[in-house]
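Thanks for asking me to look this one over. Here are my notes, with the chain and the model shown first.

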Amino acid sequence: MKQTQLFLLLAVLVAGGLWLYATYFGTPRPPHRRPAGATSPGNRRVEKSDADWSQILTAAQYRVMRDRGTEWPNSSPLNHEHRPGTFACAGCRNPLFASTAKFESGTGWPSFFAPILSNAVYTEPDGNRSEVRCAVCDAHLGHVFPDGPAPTGLRYCMNGVALTFIPAAR
């Protein structure tokens with residue numbers, strides 16, 4: 001057997017084994033529960049079933065916002081959005097970030113140094129990172145890291161599909 005064929009056989013066996021493990025033995029993530037004490041602007045809440053969310057959101061939005069996925073870097077047109085305005089949650093239109101808080105992080109995702117209001121988003125531990133969620137509809141938005149610019153030193157690294165841009169009125 002040639003080395004290439006042997007490599008392909010081993011790769012298929014490893015991939016199949018990983019699929020079998022994840023399908024039949026892997027522990028699924030527990031459903032998300034909003035942390036005690038989390039508030040939202042005006043105590044506004046949007047709660048929908050998974051079926052309702054799948055009707056409202058695109059497949060990419062659903063994978064990121066409800067299943068805690070991540071979009072490909074540099075895939076969002078919002079990376080290049082520099083007009084005055086507000087970045088809001090794509091699920092519930094909760095205003096999240098002002099365009100004045102956006103900066104070029106070079107990571108491939110829209111990045112901000114602070115939310116528009118302190119309770120527009122909330123964070124939860126996610127391994128060695130902090131997950132960022134919308135305070136109104138609990139959508140997964142991205143993660144926050146302690147390597148951002150002044151004045152906060154934070155980098156809110158958001159998935160563009162989880163955001164919608166609302167231009168400022170002229």
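1. A word on burial before anything else: a residue is called buried under 20% relative accessible area, exposed over 50%, and partly exposed in between, using a 1.4 Å probe and protein chains only. By that rule K102 is buried, at a relative accessible area of 12%. Please bear in mind that this is a predicted model, where local features need pLDDT of at least 70, side-chain atom pairs count only at pLDDT 80 or more, and totals for chains, interfaces and linings use all residues. Residues are numbered from 1 along each chain as its sequence is written, and side-chain values use heavy atoms, with hydrogens and water left out.

2. The protein has three helices and nine strands, where helices (H or I, at least four residues) and strands (E, at least two) are DSSP runs numbered from the N terminus. Their order from the N terminus is α-α-α-β-β-β-β-β-β-β-β-β. The C-alpha atoms fill a box of roughly 70 × 35 × 30 Å along the principal axes, and 37% of the 170 residues count as buried.

3. Back to K102, which sits in strand β3 (residues 102-103).

4. Now the salt bridges, each being a side-chain nitrogen of Lys or Arg within 4 Å of a carboxyl oxygen of Asp or Glu. The count comes to 10. R68, E124, D126, R129, E131 and R133 are linked in a network of them.

5. D126 is buried at 16% relative accessibility, while R68 is partly exposed at 26%.

6. R68 also forms a salt bridge with E131, with closest N and O atoms 3.2 Å apart. Because E131 belongs to strand β6 (residues 129-134) and R68 to the loop between α3 and β1, the pair joins parts 63 residues apart in sequence. E131 is buried, at 1% relative accessible area. E131 bridges to R133 as well, at 3.2 Å between the closest N and O atoms, and R133 is buried too, at 3%.
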